[in-house]
Amino acid sequence: MNWLFKEEPSNYSFAEFTKDGGTIWSGVKNPLAQKHLRGVQKGDRVFYYHTGGEKAVVGIAKATSSAYPDPKDKTGKAVVVDLAPDRPLPRPVTLAEIKASKKFSSFPLTRLPRLSVMPVSDAEWKEIEAMSRG
């Protein structure tokens with residue numbers, strides 16, 4: 001599967017993530033985002049998206065674990081995923097560019113802008129990678 005994870009760059013940028021060599025992706029509160037996070041499997045590809053002023057897909061990461069219970073969640077409901085950086089995109093692909101393409105009409109990023117974890121179809125993945133090279 002392919003995913004898109006969102007993060008505020010002032011909180012944890014792709015550059016910091018790359019420097020760290022990986023992280024535990026935690027703190028996801030939204031029930032639908034948690035549902036998606038539960039679906040992440042070791043080896044899945046993940047687009048890293050900067051929110052805030054940037055609003056752009058900036059890099060690619062890889063899930064180094066499948067979802068597992070968040071050790072800090074006392075309720076036992078939340079899950080986390082181990083994530084490692086792969087590479088930055090040749091250039092960021094902005095939300096405005098994605099919204100301007102009819103190829104993304106059903107993409108959750110254009111329909112559910114507050115969702116922090118979402119699936120990405122193979123076709124959407126290929127298109128975003130192509131846009132980053134263009």
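**Labels and their cut-offs**

Modeller: Start with Ser13, which sits in the loop between helix H1 (9–12) and helix H2 (14–20). Helices (H or I, at least four residues) and strands (E, at least two) are DSSP runs, numbered from the N terminus. The model is predicted: local features need pLDDT of at least 70, side-chain atom pairs count only at pLDDT 80 or more, and totals for chains, interfaces and linings use all residues. Residues are numbered from 1 along each chain as its sequence is written, and side-chain values use heavy atoms, with hydrogens and water left out.

Biologist: Why is Ser13 called buried?

Modeller: Buried means under 20% relative accessible area, exposed over 50%, partly exposed in between (1.4 Å probe, protein chains only). Ser13 has 13% relative accessibility, so it counts as buried.

Biologist: What is Ser13 in contact with, leaving aside neighbours within four places in sequence?

Modeller: Tyr48 and His50. Contact means heavy atoms within 4.5 Å.

Biologist: How do you know that the span of helix H6 is close to the expected one?

Modeller: The expected span is 1.5 Å times one less than the number of residues. H6 (residues 122–133) has twelve residues; the expected value is 16 Å, and H6 reaches 17 Å from its first C-alpha to its last.

Biologist: Which residues of H6 are buried, and what makes them line one face?

Modeller: Glu124, Trp125, Ile128, Glu129, Met131 and Ser132 are buried. Down the axis of H6, they fall within an arc of 160 degrees, so they line one face. The arc is that of the directions from the helix axis to the C-beta atoms. On the other side, Asp122, Ala123, Lys126 and Arg133 are exposed.
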